[in-house]
Amino acid sequence: MSAATTRSRTPDRLCAEAVDLARAAAEEAAAPGVVGEHTGVASEGDRVVTHFFECKEMGYRGWRWAVTVARASRAKNVTLDEVVLLPGPDALLAPEWVPWSERLRPGDMGPGDLLPTDAEDLRLEPGYSGEDEPIPSSAVSEEMAELVEAEDAEVTAGTPSNLPVAPTRGTIAALAEELGMRRARVLSRYGLHSAADRWEEAFGSKTPMAQAAPATCVSCGFLTPIGGSLGQAFGVCANEFAPADGRVVSLSYGCGGHSEAAIMPKPPRPAPPVIDETKVDAFPLRPAPDSGSVPAVTDEDSAELGHS
């Protein structure tokens, strides 16, 4: 080990003794009362020493004020170099910065928010460019031009060779416009697989609801099909009482709201009663005159006999 290396690791005596100079500089840079006790010194090089002071400011637990002082060669005066607030070994630090595109989560967007997509987004790929190209058999197509050149022939002016471009109606661009395919970018295979994985994880066959379901969505009357290649494995639930109402569900998903799981039976119609209890039968309060062994007498006649 060289003598210069040994000197750099040993703090300079005059710089190490300049604690008051370092504290005054720290108190001038910091707010009043936030510079604490002197916690140590560290040699930064020949005649360069850093003094550390405890930081008492709220929200900076474990941080410390670092005041670097220096001394010129053969000089006895110590001068101030810099004052900074640095984190200590056990300092409370902010989490590592993450780009917004990696922090964004589903549901974070609100009204008025814009979510730009990267030009090289792997979920998208170029769609139909919109350039009209004649059909291969057209006289103005590249294939026909190559054939004409190979056969050493000429295309005479006439229909449709005299047309500079293909007709507007019936072209690829017109057909794409009608089918809604004229978009700058469309989903790539990676984007399709990513969407399918998300939907399968949320409403797929491995969810607890699907495991306990009596049947799958592929046979449910509330399933609404969707177009495109994803329609071969997914649909939209239209059952307002189902947990996935309005969501894209896998055809292998299921729930207790399956249309054919339990059909409500019609209420049974009771048979006609043997005794009609809904009608009132009239019964006389007194027996008929010709019934019984006791002759019928009036109240006046029975009054003369008295009462026992």
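This is a predicted model: local features need pLDDT of at least 70, side-chain atom pairs count only at pLDDT 80 or more; totals for chains, interfaces and linings use all residues.
Now take the pairing of β8 with β9. These strands run antiparallel, and three bridges join them. Val 236 has its bridge partner, Val 248, in β9.

**Helix α7**

Helix α7 covers residues 189-202.

Four residues of α7 are buried: Gly 191, Ser 194, Ala 195 and Ala 196. An α-helix has 3.6 residues a turn, so residues three or four places apart point the same way. What do the buried residues of α7 pack against? Their partners are β6 (185-187) and β8.

**Aromatic pairs**

The model has three aromatic pairs. In one of them, the rings of Tyr 60 and Trp 63 have centres 5.3 Å apart. Their planes stand at 85 degrees, so this pair is edge-to-face. The cut-off for that label is over 60 degrees.

Another pair joins Trp 199 and Phe 234. It is edge-to-face too, at 5.5 Å centre to centre and 80 degrees between the planes. Trp 199 lies in α7, while Phe 234 lies in strand β8 (residues 234-237). The pair therefore ties together parts that are 35 residues apart in sequence.

The table gives each value.

| Residue | Relative accessible area | Class |
|---|---|---|
| Tyr 60 | 32% | partly exposed |
| Trp 63 | 18% | buried |
| Trp 199 | 24% | partly exposed |
| Phe 234 | 3% | buried |

Trp 63 counts as buried because its 18% is under the 20% cut-off. Trp 199, at 24%, is partly exposed. Its ring partner Phe 234 is buried at 3%.

**A charge over a ring**

One more ring contact involves a charged residue. Which ring does the charged end of Arg 64 sit over? The ring belongs to Phe 52, and the charged end of Arg 64 is 4.0 Å from its centre.

Conventions:
Residues are numbered from 1 along each chain as its sequence is written. Side-chain values use heavy atoms; hydrogens and water are left out. Rings of Phe, Tyr and Trp (its six-membered ring) pair if their centres lie within 6.5 Å; planes under 30 degrees apart count as stacked, over 60 as edge-to-face and the rest as tilted. Buried means under 20% relative accessible area, exposed over 50%, partly exposed in between (1.4 Å probe, protein chains only). Helices (H or I, at least four residues) and strands (E, at least two) are DSSP runs, numbered from the N terminus. A charge sits over a ring if NZ of Lys or CZ of Arg is within 6 Å of the ring centre and within 35 degrees of the ring normal. Contact means heavy atoms within 4.5 Å. Two strands pair if DSSP finds at least two bridges between them.
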